[in-house]
Amino acid sequence: MSGFIFNSNQIPMMQVPRAVADRFLPQATGAQIKVLLCLIRFEDMALGIEDIAKQCNVDASDVRGAVDFWVKSGLLIRRGASLILAKTSSEQPQTLPRYNPESILEQKTNDQSFAYLLDEVQRMLGKSVNHNDASVVFAMYDHLGFSADLILQIINYCVKGGKTNFRYIEKVALDWYDRGIDSFDKAESLIKSLEKRARIESAVSTYFGIDNRALSKKEKEYIENWTGTFGMSLEMIKESYERCIDSKGKLSFAYINGILGDWFKKGYKTPADIENADKAKKDAGSVGGMKSYSSMEIEEEILKRLAGD
């Protein structure tokens with residue numbers, strides 16, 4: 001039999017979210033995985049960056065980068081100095097509780113803020129809300145504890161995105177709650193981040209020639225990794241795409257991820273850095289009388305070997 005079957009043998013274990021294996025193993029670096037495991041292992045203990053770096057045998061900058069990666073990925077939520085595991089899709093509530101018409105009417109009669117909220121929601125949507133819709137609004141207000149201003153931000157964000165269905169609005173509300181968005185300022189920051197991500201995804205999709213479909217969840221995660229963890233500009237992503245096409249003759253997000261990951265490790269931030277590295281390698285090869293290799297050729301060889309492992 002080829003392969004392995006794991007059995008804990010009843011040895012004490014710590015719990016790691018399945019999402020780490022299901023979604024992040026292909027894109028997370030070794031340092032990012034080690035830092036996450038360290039945080040989970042020493043739950044509720046105050047650990048300094050240097051402590052984590054020593055425990056994981058990585059640099060302090062790797063620790064900061066790993067924490068940023070897991071926060072941006074949505075697996076961790078940053079609340080002050082605390083890092084909290086976000087609930088997975090199987091754990092978090094899929095719907096908000098429903099309220100009967102009498103409860104909603106009573107709240108509207110006795111709470112001017114809630115009455116104002118319902119009126120504003122109807123104005124923003126350009127239509128009257130039925131009982132089910134009003135129940136979603138009340139659940140955000142009563143169950144999630146969102147302020148009227150925060151709820152109106154959610155509605156406005158959905159309307160701007162062309163989504164006025166209350167099932168979608170409910171999903172956004174649950175997502176924001178899970179992210180720890182509980183104030184106007186936090187919502188503004190999140191909206192700017194989401195809008196920036198959407199612009200980047202659109203630019204990458206256009207350059208890659210993906211115009212007949214939406215990006216998959218996995219492809220979006222790759223792009224987030226390139227711009228977030230690796231800190232690569234759109235110009236660098238374009239350069240990696242050209243090298244991918246030259247080498248493979250087709251688009252491969254995994255291959256591009258390998259190229260950008262290699263550049264990240266080498267500290268390349270601009271196309272000029274790559275050009276200078278190629279030139280330095282060629283010059284070194286010429287002086288030594290040996291064949292020189294471009295960074296692209298080296299990257300191809302590394303990726304071929306990885307694929308063969």
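**Working through the model**

Tutor: Let's start with lysine 218, which sits in helix H11, residues 217–229. Helices here are DSSP runs of H or I with at least four residues, strands are E runs of at least two, and both are numbered from the N terminus. This is a predicted model, where local features need pLDDT of at least 70, side-chain atom pairs count only at pLDDT 80 or more, and totals for chains, interfaces and linings use all residues. Residues are numbered from 1 along each chain as its sequence is written, and side-chain values use heavy atoms, with hydrogens and water left out.

Student: Okay, is lysine 218 buried, exposed or partly exposed?

Tutor: Lysine 218 counts as partly exposed, because its relative accessibility is 30%. Buried means under 20% relative accessible area, exposed means over 50%, and partly exposed is in between, with a 1.4 Å probe and protein chains only.

Student: And what is lysine 218 in contact with, leaving aside its neighbours within four places in sequence?

Tutor: Arg23, Pro26 and Gln27 are in contact with lysine 218 on that count. Contact means heavy atoms within 4.5 Å. Arginine 23 is 195 residues from lysine 218 in sequence, yet their C-alpha atoms are 7.9 Å apart.

Student: What about asparagine 225, which helix is that in?

Tutor: Asparagine 225 lies in H11. That residue counts as buried, because its relative accessibility is 1%. Beyond four places in sequence, asparagine 225 contacts Gln27, Phe69, Phe230 and Asn257. Gln27 is also on the contact list of lysine 218. From asparagine 225 to glutamine 27 there are 198 residues along the chain, and 7.3 Å between the C-alpha atoms.

Student: Let me zoom out. How many helices and strands does the chain have?

Tutor: There are 15 helices and two strands. The chain has 309 residues, and 38% of them count as buried.

Student: Switching to packing. At what angle do H7 and H9 cross?

Tutor: At roughly 10 degrees, with the axes of H7 (residues 131–142) and H9 (residues 166–178) coming within 10 Å. So H7 is roughly parallel to H9. The axes are lines fitted to C-alpha atoms, for helices over the stretch in contact, and angles run from 0 to 180 degrees between N-to-C directions. Under 35 degrees counts as roughly parallel, over 145 as roughly antiparallel, 65 to 115 as roughly perpendicular, and the rest as oblique.

Student: Which residues meet there?

Tutor: H7 brings Asp133, Val136, Val137 and Met140, and H9 brings Phe166, Ile169, Glu170 and Ala173. By class that is six nonpolar, no polar and two charged residues. Nonpolar covers Ala, Val, Leu, Ile, Met, Phe, Trp, Tyr, Cys and Pro, charged covers Asp, Glu, Lys and Arg, and the others, Gly among them, are polar.

Student: Is glutamate 170 buried or exposed?

Tutor: Buried, because glutamate 170 has 1% relative accessibility. Not counting residues up to four places away in sequence, glutamate 170 touches Thr95, Leu96, Arg98 and Val136.

Student: How do H3 and H4 cross?

Tutor: At roughly 100 degrees, and their axes come within 8 Å. H3 and H4 are therefore roughly perpendicular to each other. Ile49, Glu50, Ile52 and Ala53 in H3 meet Ala60, Val63 and Arg64 in H4.

Student: What's in the loop between H3 and H4?

Tutor: Asparagine 57 is found there, between H3 (49–56) and H4 (60–73). Its phi is near 60 degrees, a positive value in a residue other than glycine. Most residues other than glycine have a negative phi. Asparagine 57 is exposed, at 69% relative accessible area.
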